[in-house]
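Subject: A structure to look at, with notes

Dear colleague,

Please find below the structure that I promised to hand over, together with its sequence. Have a look at it first, and then read on for what was found in it.

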Amino acid sequence: MSIHTAFFALVYDRSMARAEEAGLRELRRRLIARATGEVLEIGAGTGANLELYGPDVLSLTVTEPEAAMLRRLERHVRERAPHTTVLRAPAEDLPFEDDSFDTVVSTLVLCGVADQPRVLRQIGRVLRPGGQLLFLEHVRSRDPQLARTQDRFNWFNRLVVCCECNRPTLDSIEAAGFEVGSVEHGELPAAPPFARPLILGTARRPQKANAPSPHLHGTTRTRSREAP
């Protein structure tokens with residue numbers, strides 16, 4: 001664990017507080033309200049979504065790859081959602097069998113993963129046929145001028161908040177074989193202009209067996225733990 005990632009975990013909740021109060025919390029609430037069945041949240045961070053899951057969720061599993069974030073996540077699970085299962089695992093190698101979940105949730109995660117296409121294949125693998133991906137991500141702007149600004153500032157965004165501000169994530173979701181449903185284009189509250197473009201929406205793993213398969217083989221199971 002680097003000093004940078006440890007510091008980022010330490011200040012994450014405080015640094016996001018203004019955005020949460022300015023509307024991000026409401027965007028999370030609207031998205032998470034759609035979660036049903038057996039649910040997996042990837043890159044759960046410190047657990048900002050924990051209290052938003054409703055009665056339609058039969059079970060909740062959350063993953064987080066960074067040890068410093070994981071410690072805070074585990075504490076928040078004990079305080080807010082004690083029946084949640086917590087695992088340390090990267091989204092690129094999810095430690096679950098195929099067809100394990102009805103819903104996968106990704107909020108401000110796909111901008112920061114090392115291999116976005118691989119993550120999306122893993123999500124498709126662990127979703128059951130017809131299962132849904134719920135996403136809230138800041139993305140590359142549809143405005144060419146702002147997109148060029150994002151390209152210029154992407155190095156700074158990586159340095160400060162450990163993610164990419166110019167990824168065409170919606171295109172990547174479609175390329176991974178998902179059937180995209182509703183998508184809202186908006187702005188990430190209280191963010192600098194180059195990091196504001198945002199999408200909130202749903203996509204499904206196709207029901208048909210002959211649809212493009214998002215499966216990825218060779219998954220390795222990692223250490224897991226259930227919170228008390």
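This is a predicted model: local features need pLDDT of at least 70, side-chain atom pairs count only at pLDDT 80 or more; totals for chains, interfaces and linings use all residues.

Where in the chain does serine 141 sit? Serine 141 is placed in the loop between strand E5 and helix H4, the latter running over 144-161. Its relative accessible area is 12%, and because buried means under 20%, serine 141 counts as buried. A polar atom of the serine 141 side chain lies 2.9 Å from the backbone nitrogen of aspartate 143.

**The chain as a whole**

Stepping back, the protein chain holds 5 helices and 8 strands, which follow one another from the N terminus in the order α-β-β-α-β-β-α-β-α-α-β-β-β. The chain has 228 residues, of which 51% count as buried. Its accessible surface comes to about 11000 Å², and carbon and sulfur atoms account for 52% of that area.

**A mostly covered helix**

Helix H3, which spans residues 116-126, is mostly covered, with 8 of its 11 residues buried. Which residues of H3 are the buried ones? They are Gln116, Val119, Leu120, Gln122, Ile123, Gly124, Arg125 and Val126. What covers these buried residues includes strand E1 (37-41), strand E4 (101-107), strand E5 (127-138) and helix H5 (169-175). At the start of H3, a side-chain oxygen of aspartate 115 reaches to within 3.2 Å of the backbone nitrogen of arginine 118.

The loop between E4 and H3 contains cysteine 111, which counts as buried because its relative accessibility is 2%. Although cysteine 111 and cysteine 163 are 52 residues apart along the chain, their C-alpha atoms are separated by 5.4 Å. Not counting residues up to four places away in sequence, cysteine 111 touches Glu137, His138, Cys163, Glu164 and Arg167.

Leucine 108 lies in the loop between E4 and H3 as well. Leucine 108 has a positive phi of about 55°, although it is not a glycine, and at 18% relative accessibility it counts as buried. A positive phi is found again at cysteine 162, another residue other than glycine, where the value is near 60°. Cysteine 162 is placed in the loop between H4 and H5, and with a relative accessible area of 29% it is partly exposed.

**Two further pairs**

Is proline 55 buried or exposed? Proline 55 is exposed, because its relative accessible area is 81%, and its place is in the loop between E1 and strand E2 (57-63). Proline 55 and glycine 37 are 18 residues apart in sequence, while the distance from C-alpha to C-alpha is 9.4 Å.

Arginine 30, in turn, belongs to helix H1, which covers residues 3-32, and it counts as partly exposed at 29% relative accessibility. In sequence, arginine 30 and glycine 201 are 171 residues apart, yet in space they are 10.0 Å apart, again taken from C-alpha to C-alpha.

With best wishes

How values were computed
Residues are numbered from 1 along each chain as its sequence is written. Side-chain values use heavy atoms; hydrogens and water are left out. Helices (H or I, at least four residues) and strands (E, at least two) are DSSP runs, numbered from the N terminus. Buried means under 20% relative accessible area, exposed over 50%, partly exposed in between (1.4 Å probe, protein chains only). Accessible areas come from the Shrake-Rupley method with a 1.4 Å probe; for residues, only the protein chains shown count as cover. Contact means heavy atoms within 4.5 Å. A polar contact is a pair of N or O atoms within 3.5 Å; within protein, one must be able to donate a hydrogen and the other to accept it, and residues adjacent in sequence count only if both atoms are side-chain atoms.
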